[in-house]
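Good morning, everyone. Please take a look at the structure on the screen, and then I'll walk you through it.

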Amino acid sequence: MKILVPVKQVSVLDDEFEMRDDGRDVDEDFFEKDLNEFDHFAVEEALLIKEAAGDGAEVVIVTVGDDDADDALRTALAKGAERGIRVWDDALADADSIAIAKVLAKVVEREAPDMVFTGAQSADFGHATTGMALAGLLGWPHAAVVSKLDYAFGAETATLHRELEGGLEEIMTVKCPAVLSIQLGINQPRYASLRGIRQARQKPVDELELGDLGLAAADVASASRVRRMYAPEKGQAEIIEGSAAEQAARLAEIVKELRGI
Amino acid sequence: MASRDEIRALIDRLLDARDPYAALGAYPFADEPARRALEAVILATPRLRLTFAAAPYAPADLLERISIDANAATCLRLAKNLATPPSALARLLTGDASDRIRRYAAAHPRANAAMLSALAGSPSIEVRRAVAGNPNAPCDVLARLVAEGDGLIDRNAAVGPFADTGLLQTLWDTGERHVCAEVAAHPNCPGAVLEQAEAMADALIRRKLASNPALRSAALIRLLADDDERVRAAAVRNPTVSGEFFDDPEGDPSPKVRRIFARRERLAAEVMARLAADLDGWVRRWIARNPAVPEDLLARLAADAVMEVRRSTARNPACPASLLTVLAGDPVAWVRAGVALREDAPEAALELLHDARDPDVLSALGRNQRTPASTLEAIARHPDKDVRRAVAFNRAAPPTVVALLAEDPYPLNRVIIAGHPSLGLAQVEGLLDDPEPQVRFAAAARLARLWAPPDLASGSFDIKP
């Protein structure tokens, strides 16, 4: 009885920031690192199912990242997960979400979990593709943006709710094992107790390289590449200042300009 | 209790740990040589310099130190930080500071007159507008800026505390209606302008005039009878208006006016009685808070259909014990919570509340210094972090209960408990190893304040439960 939860250490930007010299990312002096907010909910959902199952169930956290990513991994372990796996290789430095999914697929094959829960997306890049790419590579059933879940270990299916556009909600059943990407608000993530935080320092974390998973650098070559990251020039937006009368007058001018009158 | 050896040992420990947040906690309480050593930890990386340059809790001396060799990004953060001292602000403006930095410095509440005078010569209109909006701008600087004829500068200058009669007269003569309205509200407004403003058809100007604390009583009395409810409301709110000015404000057709009137503490008994029966719930709510309300009226308000009126009655310092006991049995938890907050509540009322389960009532009991230790312990174990936090604010919470909160999973609760008087020093020292930087900061500040030499013990942090 095992649920695997892939997590990511994301970048949290300051109010003002500067770009790196190569123009492909923000200078790291201008952000903090933290566990992805969506992943808190995925971890919590896994822990709730484990706790309902009792002895013998386990939650395993996996992350793809360098030494710095240990903080995110330990944060998740402190909440009550049993063990962690961190995969890193310099070849993964510019990995896109598909390349990450390839690594995770090998971890899933190795761990053979009953379910995989990912966060619906990462808070920094927001591709929302890793979980679904992972399901595709595994050939597993999947559901994205899960907002409610009814599943217990041993069940052949899971019933879940998904949030759709226009406030619609979809109820569906998936065969297990499956990959589910978990939406914010599905539960109330716990804070790790101090005891949990101290214990997390001692919990086992497997540190794997690509070779340990039977992968070579060429296997995880990214199919996409960030060419440039920049703050776009301000468009036609304008903050109208002044008294109410001045603001109204300026607004009337803008309407006239746009309508060509 | 100051101890040279203990503060030295604490600083050595923080330096060994190379923990910037704990080091920052001790910084204001350290002597000069120790500060230099702590700075090496606090400002060890560019990331930390940026972080603390923007931190409103950073001590002025540290911000001063950061400003000495700050790059452009750090300068911008210092200019935006309200804790940055004037000397550091002045340093930011030397050399080729950007207009953005100058604009933030011009709006900074600690910018002084000399700095603002220099910034008033900036070629950037945004910088000049910011100078005009700074309450520290002296009158001669405002006058120079007003001569430009920019509407926003005029409006900012009209609210400047140092604007004198002459400048305000100029603004009245040349400004648009919003500028004139601000002039009418200014305590230095010329007498002739006050008279003209009262006769203006524009209700905005009369409303601002009615808020002027320098307005003569005759004019205020006339404005209390103005046709526009907003003007009457402003006049009722004017702090210089005393009770004898009013003719029949409790009969005012506007609930807005009656609400403001009901906030006044000095009201005649018959007026309070009429307002206690007002159809507007907010009016009754304000009356229910008034400590001068007689008991019979409070009894009526304690049975009001609106729960907020009953809650206000429970919070009224003059609410008698018998009524508090009645309110302790109110069907609405928010009202019972009002009683639970009362440290003067009778035993009978508190006994009714001790088995409470509602989070509002439990939070209130958690803060009440008369709540028994057994109840506080149960609240300190509550699953809701916000309920538990109430006990952290209770200065009468015993050491056994406080110790529970020192292990609370929610970091903010541990931050607060680090300053609790019942938390033993050994436990505070234990918090120096807490995983959360804010907790380590609070623990270091508590210990450093305790052990600092007397001249440094009143450092700039104020972390108390």
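First, a term. A residue is buried if 20 or more other C-beta atoms lie within 10 Å of its own, exposed if 12 or fewer, and partly exposed in between, with C-beta atoms placed from the backbone. This is a predicted model: local features need pLDDT of at least 70, side-chain atom pairs count only at pLDDT 80 or more, and totals for chains, interfaces and linings use all residues. Residues are numbered from 1 along each chain as its sequence is written, while chains are lettered from A and ligands numbered from 1 in the order in which they are written.

Let's start with chain B. Its secondary structure comes to 33 helices and zero strands. Helices (H or I, at least four residues) and strands (E, at least two) are DSSP runs, numbered from the N terminus. Chain B has 465 residues, and 48% of them count as buried. Its C-alpha atoms fill a box of roughly 70 × 70 × 35 Å, taken along the principal axes.

Now zoom in on helix 3 of chain B, residues 32-42. Which residues are buried there? They are B:A34, B:R35, B:L38, B:V41 and B:I42. They cover an arc of only 110 degrees around the axis, which puts them on the same side of helix 3 of chain B. That arc is taken from the directions from the helix axis to the C-beta atoms. On the other side, B:E32, B:P33, B:R36 and B:A40 are exposed. What covers the buried residues? The cover includes helix 1 (4-17), helix 2 (20-26), helix 4 (46-53) and helix 5 (60-68) of chain B. Here, contact needs C-beta atoms, placed from the backbone, within 7 Å.

Next, the contact between the chains. It takes 14 residues from chain B and 14 residues from chain A. On the chain B side, helix 4, helix 6 (72-80) and helix 12 (151-158) each supply at least two residues.

Finally, chain A. It has an open sheet of nine strands, in the order 9-8-7-10-6-1-4-5-11, with mixed pairing. Two strands pair if DSSP finds at least two bridges between them. The edges are strand 9 (169-175) and strand 11 (205-208), each pairing on one side only. Inside chain A, strand 6 (residues 115-119) and strand 10 (residues 179-182) run parallel, joined by four bridges.

Key. Two residues are in contact if their C-beta atoms, placed from the backbone, lie within 7 Å.
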